[in-house]
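This briefing sets out selected structural features of one protein chain, grouped by topic. Please read it alongside the sequence and the coordinates.

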Amino acid sequence: MASLLDTDLYKLTMQNAVRTLYPDAQAAYRFTNRTPSMKFNKAAYEHVKQSIKALDSLRLSVEERLWLRRTCPYFPEDYLEWLSRFQLNSEKEVKVAFKQEEGSEFGELDIAIEGQWSHVILYEVPLLAILSESYFLHVDTNWDYVGQLALAKSKGKELLSQGIVFSEFGTRRRRSYDAHKIVMQGLIDARNELTGDGTLRGKLTGTSNVHMARLFNVNPVGTIAHEWIMGIAAMEGYEGSNARALQQWEAVYPDGALRVALTDTFSTRPFFHDLRSHPELAKRWNGLRQDSGDPFEFIGVVVNLYKDLGIDPSTKNIVFSDSLDVKKAVALAKAAAKAGVGCSMGVGTFFTNDFPLRDKPNKRNADGSGPLPTETEKSKPLNIVIKLYKINGESCVKISDEMTKTTGDLEAVKMVKHRFGLDQQGVLDSEPQITT
């Protein structure tokens, strides 16, 4: 990793919130490979270990601190001072094991992260980026950077010319740091070219990666992640946990700059129940992020909710961030416009890990130059996650609107599903059956 800021903005915003409200909380995280057929080898494992150890040397520079002060005024000075002294301690906080399969060079990685929540919260994004880069450096090597700049520019132009408002969200599953930089340059080039010829209709609002935002002079984008709600619910109870997590967030960030809420921590239905019970939150928060389930169905549910609460949907925004490509983003934007609600897109893996298979990869070309790739068979990206597993010894769960994304201890998941009536009704119903 090139910088302590080579992470998503919401890790920093949550780190400050945890440090402020839960300074003594202890957390544990676990790694899951959702593509189990894509296994690691010993060389990738060794690269992962070395890269994790190198994280301990990262420090916030004076220049980075000054940039954060200018760019992210919601961060208090005492947090920036604290972050300037902060360092990771992976030897103590991260355990990585390689379970090699008998008779094979491949196996599974077992990764556990444990420690003070305000410290270990920063591991998730860089570790996922390290894992992806290690895999494509040592396991799947039939790819290269040829044409990646043109590809990113082409995608950016298509989105911008069709009026799409979007940000780059691809840090966690990027093919490499260099691939990420190429993508950012391609998107900037697309914006500049369309601005020059007067055909720019959409907007590149920035990137979730704080380091890339600084390098390319764009806005860092992000607010809150599932783990904030997961942790608060595990520590303080599930009754009203979505609303309570939003209220706690407001206590840390009262100026309203970071008010886009995730809706699917325990599936969407309990979230909407809490929002209906606290209409003032629906009015104060700028928008909602859709990260699983059927996004088109989600639009209708959100619009109906706002109308029922006497809120004009056109004053609010839906951020779509689940497995987006150009076609899906355009379709969602049209559907949202028809429904009368604003929207924007957070595009991730489609930008930073979209590579064709190459029989004869050109490893000497590292700048992404060359013509658009024409190969149709893809070098498949990993689908990997690191999720909050325990907080202060209590199991944490996430119950997505896509049930294959559910994470956590099985008994805890069963309890939370029963608590919210999720074993009885569809997850997108706006009024849940609450079980006491």
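**Structural briefing**

Lys338 is found in helix 16, where helices (H or I, at least four residues) and strands (E, at least two) are DSSP runs numbered from the N terminus. The model is a predicted one, in which local features need pLDDT of at least 70 and side-chain atom pairs count only at pLDDT 80 or more, while totals for chains, interfaces and linings use all residues. Residues are numbered from 1 along each chain as its sequence is written, and side-chain values use heavy atoms, with hydrogens and water left out.

**Two contrasting positions**

- Lys338 is exposed, with a relative accessible area of 78%; buried means under 20% relative accessible area, exposed over 50%, and partly exposed in between (1.4 Å probe, protein chains only).
- The C-alpha atoms of Lys338 and Leu372 are separated by 34 Å, and the two residues are 34 residues apart along the chain.
- Asn242 is found in helix 12 (residues 241–252) and is buried, with a relative accessible area of 2%.
- Not counting residues up to four places away in sequence, Asn242 touches Ile229, Phe266, Pro270, Phe271 and Asp274, a contact being heavy atoms within 4.5 Å.

**Parallel strands and crossovers**

- Strand 8 (residues 287–290) and strand 9 (residues 317–320) pair in the parallel sense over four bridges; two strands pair if DSSP finds at least two bridges between them.
- Within that pairing, Gln290 stands opposite Phe320 in strand 9.
- A right-handed β-α-β unit is made by strand 8, helix 15 (residues 295–308) and strand 9. A crossover is right-handed if, with the strands pointing away from the viewer, the path from the first strand over the helix to the second runs clockwise.
- Strand 9 is joined to strand 10 (residues 342–347) by four bridges, and these strands run parallel.
- Val319 has Ser344 as its bridge partner in strand 10, and Asn317 has Gly342.
- From strand 9 the chain crosses through helix 16 (residues 326–339) to strand 10, and this β-α-β crossover is right-handed.
- Strand 10 also pairs with strand 5 in the parallel sense, over three bridges, with Phe166 opposite Met345 in strand 10.
- Five of the six residues of strand 10 are buried, so this strand is largely enclosed by the rest of the structure.

**Nonpolar core**

- The largest nonpolar core has 134 residues, and those with the most contacts inside it are Leu68, Phe75, Trp117, Phe166, Trp228 and Met345. A nonpolar core is a set of buried Ala, Val, Leu, Ile, Met, Phe, Trp, Tyr and Cys residues joined through side-chain atoms within 4.5 Å.
- Helix 9 (residues 177–197) supplies the largest share of this core, nine residues.
- Leaving aside neighbours within four places in sequence, Trp117 is in contact with several residues, among them Val18, Tyr22, Ala25, Glu227, Met235, Leu388 and Ile391.

**Aromatic pairs**

- A search of the whole structure finds 23 aromatic pairs. Rings of Phe, Tyr and Trp (its six-membered ring) pair if their centres lie within 6.5 Å; planes under 30 degrees apart count as stacked, over 60 as edge-to-face and the rest as tilted.
- The ring centres of Tyr22 and Trp117 are 6.3 Å apart and the planes lie at 40°, so the pair is tilted.
- Tyr22 lies in the loop between helix 1 (9–21) and strand 1 (26–33) and Trp117 in helix 6 (residues 117–120), so the pair ties together parts that are 95 residues apart in sequence.
- Tyr22 and Trp117 are both buried.
- Phe166 and Phe351 have ring centres 5.9 Å apart and planes at 55°, so this pair is tilted.
- Because Phe166 lies in strand 5 (residues 165–168) and Phe351 in helix 17 (residues 349–352), the pair ties together parts that are 185 residues apart in sequence.
- Phe166 is buried, with a relative accessible area of 1%, and Phe351 is buried, with a relative accessible area of 2%.
- One aromatic cluster includes Tyr22, Phe75, Trp82, Trp117, Trp228 and Tyr253.

**Helix 7**

- At 1.5 Å a residue, the 15 residues of helix 7 (residues 124–138) should span 21 Å, which agrees with its end C-alpha atoms being 21 Å apart; the expected span is 1.5 Å times one less than the number of residues.
- Twelve of the 15 residues of helix 7 are buried, so the helix is largely enclosed by the rest of the structure.
- The buried residues of helix 7 include Glu124, Pro126, Ser132 and Tyr135.
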